[in-house]
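Colleague: I am new to this structure and would like a guided tour. Could you take me through its main features?

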Amino acid sequence: MGKWWCTLVLNFLIVLIISLFLGATIEVKPVAVRGFSLHTNSRWIVNEDGERVKLACVNWVSHLEAMVAEGLSKQPMDVISSAIKSMGFNCVRLTWPILLVTNDSLSSLSVRHSLQSLGLLEAIAGVQTNNPSIIDLPLIQAFQAVVKSLGENNVMVILDNHVTQPGWCCGGTDDNGFFGDKYFDPNQWILGLTKMATIFNGVTSVVGMSLRNELRGPKQNVNDWYMYMVKGAEAVHAANPNVLVILSGLNFDTDLSFINNRPVSLTFKEKLVFEVHRYGFTDGQAWVNGNPNQVCGQVAGNMKKTSGYLVDQGWPLFLSEFGLDLRGTNVNDNRYLNCILAVIAELDLDWALWTLVGSYYFRQGVTGMEEFYGLLNWDWSQVRNTTFLNRIRALQLPFRGPGISEGNPYKLIFHPLTGLCVTRKSQIGPPVLMLGPCSFSNGWNYTPKKTLLTNDTNLCLQAEEKMKPAILSTLCSGSNSAWEMISDSKMHLSTKLSDGSNVCLDVDDSNTIVTNACKCLSKDNTCDPASQWFKLTDSGRRTISTTSTLSMLGSPDLLWKPLSSM
């Protein structure tokens with residue numbers, strides 16, 4: 001991983017060269033990081049200067065039986081922290097169990113003895129080699145050391161209370177899911193939140209506390225949610241008024257619909273954030289069994305109804321868990337990802353990917369279990385799927401918000417399958433439309449007549465023939481310059497040619513924007529429409545701050561990889 005920094009420097013230089021070639025302007029706006037103090041302004045999370053700070057996080061697991069942050073037997077702590085930053089993430093959602101701070105015998109147990117109690121001799125040797133300074137520290141101090149390392153690497157931390165009893169999460173009947181369950185005593189929970197908030201009061205890298213992961217089970221009900229979540233929120237704020245207070249919903253944190261009719265009432269302001277989760281398996285095998293357009297329309301609609309509506313009501317919404325099997329062989333996950341990335345882009349959500357972890361010390365009775373949802377490989381030495389990492393680059397930067405949007409707003413044409421946007425390749429010679437980094441897109445205006453004009457010009461997107469490149473033209477009154485968002489997914493951009501046939505925007509093997517017959521619009525579950533999915537996303541002039549990191553511009557050698565190699 002130590003080589004990643006050299007790679008990032010090289011990648012950034014390549015980005016600058018490409019920007020000159022494209023004629024794009026990148027405005028780099030330094031934003032001083034004064035302790036990461038954050039608050040909310042309507043639906044946005046902002047810093048002390050009122051400028052938006054988009055949470056682009058990764059989950060780092062520390063709530064399993066060992067109660068030690070995973071991976072410390074594989075790599076030095078600071079190497080992991082710097083790698084997180086180098087991959088473009090600006091924060092970590094760090095999980096923890098209540099017993100870590102409410103059970104003195106556990107919290108004072110050393111890392112060595114905790115691993116030893118599980119028979120993890122190889123893990124002990126690994127921690128001794130890679131992180132000798134923590135091997136004999138009490139568990140709570142080892143946890144603090146991880147937070148310190150992240151802060152020193154300019155990575156913000158959200159402390160996520162994942163469970164009470166250490167162990168894997170989550171099941172519908174695991175007695176760890178809702179207030180009053182066997183392993184979920186509300187009083188113990190509030191005590192644990194208070195202690196953790198107190199421990200990290202004054203630790204400026206800790207910017208938020210998530211009160212509980214994935215409330216669930218037969219006891220869940222709205223009245224108890226309000227009673228206890230409000231108590232928990234007030235307890236955290238009283239102990240540490242600096243942190244954002246993050247509330248999860250019901251049904252494995254997929255449902256916040258009840259807040260629409262009954263707002264949360266707290267004694268403090270500008271610190272409340274809501275969180276939601278969504279995976280491919282949330283909807284079973286729907287993505288395999290159904291038509292992707294129809295399933296995406298249903299899932300996106302459900303998300304907006306049960307949680308997405310909150311941003312319209314002026315509340316920040318944090319997609320604190322989403323992810324997929326990064327081996328790339330799971331059709332259900334692959335189709336889901338194309339849709340969820342479009343939702344993230346459309347709503348410009350804060351988010352946290354599940355997960356950083358390449359392998360676990362001990363999970364569900366298995367020693368050294370590999371995590372195929374993990375960004376890193378089994379020994380934490382490499383990125384498991386670099387193509388995926390580059391697909392989320394654009395989403396690590398904010399599209400809009402206070403201090404981000406300047407001048408007149410415009411649209412980006414975002415392509416979820418690649419994570420790229422429609423751009424002009426060159427301002428010299430005939431313009432060619434291609435996929436490229438969203439930071440280099442000049443933007444588009446979608447007019448009432450449904451033409452797509454390049455920002456501040458009279459050039460419109462136009463189709464000429466099937467299987468031919470789309471062009472920019474000054475003749476914008478014809479039917480082949482009017483673009484409709486069709487299909488249930490609302491991501492097919494369709495227009496009508498002069499011969500009366502309909503075509504959709506598409507991408508060829510060289511990432512050139514072309515028009516082809518519209519595919520997979522309905523019914524067929526064997527067809528994948530992803531190459532023709534484009535999301536019109538609201539944006540403004542992009543400014544890049546040090547809180548987001550220059551590394552978020554992406555790795556151009558991967559970003560420009562042809563679609564055929566995806």
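**Pocket, sheets and helices**

Modeller: I shall begin with the second largest pocket, whose lining divides into eight nonpolar, six polar and five charged residues. Please keep in mind that this is a predicted model.

Colleague: What is the volume of the second largest pocket?

Modeller: The volume of the second largest pocket is about 370 Å³.

Colleague: And which lining residues are closest to its centre?

Modeller: Of the 19 residues that line this pocket, Cys-169, Glu-214, Tyr-279, Phe-281 and Glu-321 are the closest to the centre.

Colleague: Cys-169 has come up. Is the peptide bond from Cys-169 to Cys-170 cis or trans?

Modeller: That bond is cis, and its omega is near 20 degrees. Cys-170 belongs to the loop between strand E6 (156-163) and helix H8 (186-199).

Colleague: What else is there in the loop between E6 and H8?

Modeller: Asp-175 also lies in that loop. Its phi is near 60 degrees, a positive value in a residue other than glycine.

Colleague: Why point out such values?

Modeller: Most residues other than glycine have a negative phi, and most peptide bonds are trans.

Colleague: Which residues does the cis bond with omega of about 10 degrees join?

Modeller: That cis peptide bond joins Trp-354 and Thr-355. Thr-355 is found in the loop between strand E11 (350-353) and strand E12 (362-363).

Colleague: Let us turn to the strands. Which strands make up the closed barrel?

Modeller: The barrel has eight strands, in the order E4-E5-E6-E7-E8-E9-E10-E11, and their pairing is parallel. From one strand to the next, the twist averages 25 degrees.

Colleague: Could we look at one pair? How many bridges link E8 and E9?

Modeller: Strand E8 (residues 244-248) and strand E9 (residues 272-277) pair in the parallel sense over four bridges. Ser-248 has Glu-275 in E9 as its bridge partner.

Colleague: What packs on the sheet there?

Modeller: H11 does, touching E9 and strand E10 (317-322), and its direction makes about 135 degrees with that of E10. Helix H9 (residues 222-239) lies across strand E7 (206-210), E8 and E9, and runs at about 160 degrees to E8.

Colleague: Which residues does Val-230 touch?

Modeller: Val-230, which is in helix H9, touches Trp-225, Val-264, Ser-265 and Leu-266, not counting residues up to four places away in sequence. Val-230 and Thr-267 are 37 residues apart in sequence, and their C-alpha atoms are 9.6 Å apart in space.

Colleague: Back to H11, then. How does H11 pass H12: in a right-handed or a left-handed crossing?

Modeller: The crossing is right-handed. The axes of helix H11 (residues 292-312) and helix H12 (residues 331-347) come within 10 Å and cross at roughly 35 degrees. Among the residues in contact are Cys-296, Ala-300 and Met-303 of H11, together with Cys-339, Ile-340 and Val-343 of H12. By class, the contact has nine nonpolar, one polar and three charged residues.

Colleague: Finally, what is the strand order of the open sheet?

Modeller: Its five strands run in the order E20-E25-E24-E23-E22, with antiparallel pairing. Strand E20 (468-469) and strand E22 (484-486) are the edge strands, and each pairs on one side only.

Colleague: Over how many bridges do E23 and E24 pair?

Modeller: Strand E23 (residues 492-496) and strand E24 (residues 502-507) pair over three bridges in the antiparallel sense. Lys-496 stands opposite Asn-502 in E24.

Technical notes. Residues numbered from 1 in each chain as written. Predicted model: local features only at pLDDT ≥ 70, side-chain atom pairs only at ≥ 80, totals over all residues. Heavy atoms only, no water. Pairing = 2+ DSSP bridges. Helix = DSSP H or I, 4+ residues; strand = E, 2+ residues; numbered from the N terminus. Axes fitted to C-alpha atoms, helices over the stretch in contact; angles between N-to-C directions. Left-handed = near helix turned anticlockwise from the far one by under 90°. Contact = heavy atoms within 4.5 Å. Nonpolar A, V, L, I, M, F, W, Y, C, P; charged D, E, K, R; others polar. 1 Å grid on protein atoms, 1.4 Å probe; cavity = no way out; pocket = protein on both sides within 12 Å on 5 of 7 lines; lining within 4 Å. Points joined across faces, edges and corners; volume = space filled by probe spheres on them.
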